[in-house]
Amino acid sequence: MRVVYSPVHLGHAVTMQTVLGERVPANEVAARAERIRATLLADGGFAVAEPTEHGPGPILAVHDAGILRFLEEAWPAARASGHPYDHLTPEAIMAAGMTEGMAERFRHETPAPDGRPGYWAFDTSTPILAGTFAAARAAVDTALTAVDLVLDGGETAAYGLCRPPGHHAARSMYGGFCYLNNAAIAAEEIARRTGEPVAILDVDYHHGNGTEQIFWRRADVLYVSIHAHPDRAYPYVLGWEDEVGEGLGEGYTLNLPQPAGCTNEQFLDALDLALYRISAEEGSVVVVSLGLDTYRLDPIGDFALTTDAFHEAGRRVAALGRRLVILAEGGYHVPSLGENARAWLRGAEGRPFDPRPALDPGAAWDAA
Ligand SMILES: [Zn+2]
């Protein structure tokens, strides 16, 4: 399988994040993508290539122009204003209640560099650094190059090793380690170029609130997500079963939230439901938001999946018989990330599960 990867992500050199008011070591670090790339190279069955530039057009087909402008300007403006830190994190976040009952025009985007992030962000765990905008753009190009490989390159499946991830980014909002929604931009591009409906299968541990919001009123892009129930897990606000879309989009969102401790069997049963729903719609391409934070050792998840289940999941998704644009999302247990991605992708290619690690044989990435 072809793997699209850009070293530009290394400039998004996140080391710390603010969670529950504390500055703590970051989960979404550069080593994640590096681990996956190195493991896929060690497997020998994957060919890694860099993305091509696609410009802002496909981004603006999904995102508000204001957030793209903000992401580009935020760090240089902060630096020019003497911002004292190496990262930009919101101070006052514009909660819905702040302007409740007031006209839209009273929602001001302040020019103050330290205040502006709060107009666009929904959490404090998604810092903007000097290299963030370039990395976010490269992640979009990575996704779009994977689309090119599938639509024009004759590939049955391609993997975009996107970093930063994207599925929490809504049309006008960033957060959850995500700035631009790679999967949504890819799906929109596929819909535009093929004229067919597109399905997005999101198997990240967290609900892809951004993707759901972007396609909420659309019938031509089906969003199906398996994730930790928002009664206990981030992003809390969205991901509930009763969110099915509205208007033309009613019935084109399917949320399958899972309990703590979700086993391989529970997850694969949910996957079968998701695939059954996807198979009911027309379309020849499925975008997969492939988060690996469903792994049993993930530091911010509580599912119990093992590496062989990722292989089986990839196999079942490929059995749909549709072309696959597979894009990296979350997954924070760095030692296992490469093997779990490798297992999923080998499953999707019809190659057997290989229980021997391609990298670091004997390492404790899955010792139990
Ligand atoms: Zn996640």
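Trainee: Which residue in strand 3 does Val19 stand opposite, and how do you know that strand 2 and strand 3 count as a pair?

Mentor: In this predicted model, Val19 faces Glu22 of strand 3. Strand 2 (residues 16-19) and strand 3 (residues 22-25) are joined by four bridges in the antiparallel sense, and because a pair requires at least two bridges, the two strands qualify. The hairpin that they form has two residues between the strands, and there Leu20 takes a positive phi near 50°.

Trainee: Why are strand 4 and strand 8 said to stand at the edges?

Mentor: The open sheet has eight strands, paired in parallel and ordered 4-1-5-10-9-6-7-8. Strand 4 (47-49) and strand 8 (253-258) each have a single partner strand, so one side of each is left without a neighbour in the sheet. From one strand to the next, the twist averages 20°.

Trainee: Which strands does helix 6 lie across, and at what angle does it run to strand 9?

Mentor: Helix 6 (residues 182-194) lies across strand 5 (157-160), strand 6 (198-202), strand 7 (221-228), strand 9 (285-290) and strand 10 (323-328), and its angle to strand 9 is about 175°.

Trainee: Are helix 9 and helix 10 roughly parallel or roughly antiparallel, and why?

Mentor: The axes of helix 9 (residues 307-318) and helix 10 (residues 334-349) cross at roughly 30° and come within 6 Å. Since the limit for roughly parallel is under 35 degrees, the two helices are therefore described as roughly parallel to each other. The crossing of helix 9 past helix 10 is right-handed. By class, eight nonpolar, five polar and five charged residues make up the contact of helix 9 with helix 10; Phe310, His311 and Val317 are among those from helix 9, and Trp344, Leu345 and Arg346 are among those from helix 10.

Trainee: How confident is the predictor, and where is the pLDDT below 50?

Mentor: The chain averages a pLDDT of 96, with 98% of the residues scoring at least 70. Over residues 364-368, however, the pLDDT is below 50, and this stretch has seven contacts in the model beyond near neighbours in sequence.

Technical notes. Residues are numbered from 1 along each chain as its sequence is written. This is a predicted model: local features need pLDDT of at least 70, side-chain atom pairs count only at pLDDT 80 or more; totals for chains, interfaces and linings use all residues. Axes are lines fitted to C-alpha atoms, for helices over the stretch in contact, and angles run from 0 to 180 degrees between N-to-C directions. Angles under 35 degrees count as roughly parallel, over 145 as roughly antiparallel, 65 to 115 as roughly perpendicular and the rest as oblique. A crossing is left-handed if the near helix is turned anticlockwise from the far one by less than a right angle, and right-handed if clockwise. Two residues are in contact if their C-beta atoms, placed from the backbone, lie within 7 Å. Ala, Val, Leu, Ile, Met, Phe, Trp, Tyr, Cys and Pro count as nonpolar, Asp, Glu, Lys and Arg as charged, and the others, Gly among them, as polar. pLDDT is the predictor's confidence in each residue, from 0 to 100.
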